[in-house]
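Welcome to a short tour of a protein model.

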Amino acid sequence: MVLIKCCDISNEVRPMEVSEPWLDCLLEEYFNQSDREKMEGLPVAPFMDRDKVTKPTAQIGFIKFVLLPMFETAARLFPQIDTVMVEPLRQARDHYEELKMMDDQEKKEKKNSRALKN
């Protein structure tokens, strides 16, 4: 049963050129749903709110707290998946952490630029 779940949520194990378009579709689906929920005055799940979520922040949390623990556990039973599944997840996490650092730096620079103008 755990292996079936791993397969179900394994998008981030795939190469970036395959996983990112799927991720973009998923995030857009989440954002559209939260937009509709806001219009109707319904509560919005924090991970679906386009005003609060970025691709890097969404993926860092999902990889760190859902995917890696699940896949690392499966790798204890099936060590051969460590290199083909767990390592790509670590690389994806590192990729999104780097993107987040770049986003944070860009926001900081914009904030500083606005402060200098005032």
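Let us start inside. The buried residues of α3 are Pro56, Gln59, Ile60, Ile63, Leu67, Leu68, Phe71, Ala74 and Ala75. Here, buried means under 20% relative accessible area, exposed means over 50%, and partly exposed lies in between (1.4 Å probe, protein chains only). Helices are DSSP runs of H or I with at least four residues, strands are runs of E with at least two, and both are numbered from the N terminus. The buried residues of α3 pack against α1 (2-8), α2 (16-39) and α4 (81-117), where contact means heavy atoms within 4.5 Å.

A word on the model itself: it is predicted, local features need pLDDT of at least 70, side-chain atom pairs count only at pLDDT 80 or more, and totals for chains, interfaces and linings use all residues. Residues are numbered from 1 along each chain as its sequence is written, and side-chain values use heavy atoms, with hydrogens and water left out.

How far apart are the end C-alpha atoms of helix α3? They are 31 Å apart, which agrees with the 33 Å that the 23 residues (55-77) should span at 1.5 Å a residue. The expected span is 1.5 Å times one less than the number of residues in the helix.

α3 also has a kink of about 45 degrees, centred on Ile63. The bend at a residue is the angle between two fitted axes, one for the seven residues ending there and one for the seven starting there. Ile63 is also among the buried residues of this helix.

## Helices α2 and α4

Now look at α2. With 24 residues, α2 reaches 34 Å from its first C-alpha to its last, close to the 34 Å expected at 1.5 Å a residue. Its buried residues are Ser19, Glu20, Leu23, Leu27, Phe31, Ser34 and Glu37, and they pack against α3 and α4. After α2 comes Gly41, whose phi is positive, near 70 degrees. Glu17 is also in helix α2, but Glu17 is exposed, with a relative accessible area of 63%. Between the C-alpha atoms of Glu17 and Glu109 there are 29 Å, and along the chain the two are 92 residues apart.

In α4, 37 residues should span 54 Å at 1.5 Å a residue, and the end C-alpha atoms are 53 Å apart, which agrees. Ile81, Val86, Pro88, Leu89, Ala92 and Tyr96 are the buried residues of α4. They pack against α2 and α3.

## Charged pairs

Side chains of opposite charge can pair when their charged atoms come close. A salt bridge is counted when a side-chain nitrogen of Lys or Arg is within 4 Å of a carboxyl oxygen of Asp or Glu. How many salt bridges does a search of the whole structure find? The search finds 16.

One of them joins the side chains of Arg50 and Asp35, at 2.8 Å from N to O. This pair links distant parts of the chain, with Arg50 in the loop between α2 and α3 and Asp35 in helix α2, 15 residues apart. Arg50 is partly exposed at 31% relative accessible area, and Asp35 is partly exposed at 25%. Arg36 pairs with Glu40, their closest N and O atoms being 2.6 Å apart. Glu97 forms a salt bridge with Lys64, with 3.5 Å between the closest N and O atoms. Glu97 lies in helix α4 and Lys64 in helix α3, so this pair ties together parts that are 33 residues apart in sequence. Salt bridges that share partners also join Lys38, Asp49, Asp51 and Lys52 into one network.

Met70 is in helix α3 and counts as partly exposed, at 23% relative accessibility. Which residues does Met70 touch, not counting those up to four places away in sequence? Met70 touches Val2, Lys5, Cys6 and Ile9. Met70 and Val86 are 16 residues apart in sequence, and their C-alpha atoms are 9.5 Å apart in space.

Leu77 is in helix α3 too, and Leu77 is exposed, with a relative accessible area of 66%.
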